[in-house]
Amino acid sequence: MIQERTAEHSGLLKCAIFTVLFVARYIISKFTDSYVIKLSGYVILAVVGIILFREDFLTGLKDFKEKPFKNTIWIFVGLIANYIAQMLGAIPENIFYPDYSNANTVGVMNAMKVLPPFLYISIMGIIGPIAEEIMFRLILVDKLRNRIPWVIPVIISGVLFGAYHMHVLNVPEFVSCFSHVMSGVVLAIIMVRKRNVIITSGIHIIFNLYALLTYAFMISR
């Protein structure tokens, strides 16, 4: 009983530490134009997160090693579901604000114009998604699903994931983030089903890499 309480308190402390760091990085990024500071924040979050939740990552890797084909299929299905969800989420923007450019996308493309492409793509395509999966799926979904009905953390995770990608407080920006909300919900449902941060991270990484490589190609033209 004492060991269970100790483990529970330790888990809550880990979640609290990472959440504070994640929020701090978000706030700092809003008050600085330094890409170095913004990117360094993601690196720190990913490293700290992997250390704090190493058991979850090791369990995920073990599961992937034992069931490589099944888990690869889950990533493939997740990619398709994520794509469909984003397309559906983008419908309101395409109807009401077809010429609006999401501030997050604009910021990413501007950063890629001044930073070494390999550095930016590596951090925002791989390291950033890992940090975000720890916050939005591992903590907000997996760690809460046993305390409250699973649909609640799924919705909370999706909404906060969308809000996290808002960089301007106006209606077009709000509408443009519906696709992120839908994506967040899909990844949250996969986390509920599989409880494997490696799978959701894999989906997130592949999606980000595809988007970033597409942006890089557009900029180079």
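In this predicted model, the buried residues of helix α8 are Pro-153, Val-154, Ser-157, Gly-158, Phe-161, Gly-162 and Tyr-164. Viewed down the axis of α8, these buried residues fall within an arc of 165°, so they line one face of the helix. Helix α8 itself covers residues 151–164, which is 14 residues. From its first C-alpha to its last it reaches 20 Å, close to the 20 Å expected at 1.5 Å a residue.

Across the model, the count of aromatic pairs comes to eight. One of them joins Phe-18 and Phe-22, with ring centres 6.1 Å apart and 35° between the planes, a tilted arrangement. Both residues sit in helix α1 (residues 2–30), and because they are four residues apart there, about one helical turn separates them. Phe-18 and Phe-22 are both buried.

Phe-18 has a further partner in Phe-53. The centres of these two rings lie 6.3 Å apart and their planes meet at 80°; pairs with planes over 60 degrees apart count as edge-to-face, so this pair is edge-to-face. Here the link is between distant parts of the chain: Phe-18 lies in helix α1, whereas Phe-53 lies in the loop between α2 (35–52) and α3 (54–66), 35 residues apart. Phe-53 is buried, as is Phe-18.

The wider fold can now be described. The protein chain contains eleven helices and zero strands, so the radius of gyration may be considered next: at 18 Å, it is close to the 17 Å that the globule rule gives for 221 residues, and the chain is therefore as compact as a globular protein of that length. Along its principal axes, the C-alpha trace spans about 60 × 35 × 35 Å.

Contacts and surface complete the description. Among contacts between residues at least 6 apart in sequence, 79% join residues at least 24 apart. Of the 221 residues of the chain, 43% count as buried, a class that requires under 20% relative accessible area. The accessible surface of the protein chain comes to about 12,400 Å², and carbon and sulfur atoms account for 72% of that area.

Key:
Residues numbered from 1 in each chain as written. Predicted model: local features only at pLDDT ≥ 70, side-chain atom pairs only at ≥ 80, totals over all residues. Heavy atoms only, no water. Helix = DSSP H or I, 4+ residues; strand = E, 2+ residues; numbered from the N terminus. Expected span 1.5 Å × (residues − 1). Buried < 20%, exposed > 50% of the residue type's maximum accessible area, 1.4 Å probe, protein only. Arc of directions from axis to C-beta. Rg over C-alpha atoms; globule rule 2.2 N^0.38 Å. Contact = heavy atoms within 4.5 Å. Areas by Shrake-Rupley, 256 points an atom, 1.4 Å probe, with all protein chains shown as cover. Phe/Tyr/Trp six-rings, centres within 6.5 Å; stacked < 30°, edge-to-face > 60°.
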